[in-house]
Amino acid sequence: MSARQITLLTQADCALCEHAKQVLAKVGADHPLAVTEIDLTSEEGQRLAMEAGVLFAPGVLLDGRPFSYGRLSERRLRRALTTTASPASGTPDRSST
């Protein structure tokens, strides 16, 4: 099983960003993840956020597609990682379950 690509758009002093990092570390113990963290205030971060529809940090892209922004749901991430197909692209979900 190859690692799923996670792009994490973060910013300084962001409690939700720290939460997202903890969720990714926990989920990464069970699923192979390749996590790339990008500062949301950088040129690349701003470009990715605009393309993905990320309104605020943290933004999460799963295999290059918008997945969520705001509080990252461990349950939703695990569910997406156990499906054989990549999640559908579209507007990121902000569910807090």
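## A pairing to start with

L61 stands opposite P66 in strand β4. Here, strands (E, at least two residues) and helices (H or I, at least four) are DSSP runs numbered from the N terminus, and two strands pair if DSSP finds at least two bridges between them.

Before going further, a word on the model: it is predicted, residues are numbered from 1 along each chain as its sequence is written, and local features need pLDDT of at least 70. Side-chain atom pairs count only at pLDDT 80 or more, while totals for chains, interfaces and linings use all residues, and side-chain values use heavy atoms, with hydrogens and water left out.

## Strand β3 and its partners

Let's stay with β3. Four bridges join β3 to β4, and the two run antiparallel. Together they form a hairpin with two residues between them, and D63 in the turn has a positive phi of about 55°.

Strand β3 (residues 59-62) also pairs with β1 (residues 4-10), in the antiparallel sense over four bridges. T7 stands opposite L61 of β3, and I6 has L62 as its bridge partner. G59 and L61 point one way from β3, V60 and L62 point the other way, and all are buried (under 20% relative accessible area; exposed is over 50%, partly exposed in between, with a 1.4 Å probe and protein chains only).

## The whole sheet

Strands of a sheet pair through backbone hydrogen bonds, either parallel or antiparallel. In this model, four strands make an open sheet in the order β2-β1-β3-β4, with mixed pairing. The edge strands, β2 (33-39) and β4 (65-69), each pair on one side only.

Helix α3 (residues 74-82) lies across β1, β2, β3 and β4 and runs at about 160° to β4. Such angles run from 0 to 180 degrees between N-to-C directions, using axes fitted to C-alpha atoms, for helices over the stretch in contact.

Which residues touch the most other members of the largest nonpolar core? They are I6, L24, F67, L72 and L77, out of 14 residues. A nonpolar core is a set of buried Ala, Val, Leu, Ile, Met, Phe, Trp, Tyr and Cys residues joined through side-chain atoms within 4.5 Å. β1, α1 (15-28), β3 and α3 each supply at least two residues of this core, and α1 gives the most, with four.

Leaving aside neighbours within four places in sequence, L72 is in contact (heavy atoms within 4.5 Å) with H19, A20, V23, L24, V60, F67 and L77. A second, separate core has twelve residues, including C14, C17, L48 and V54.
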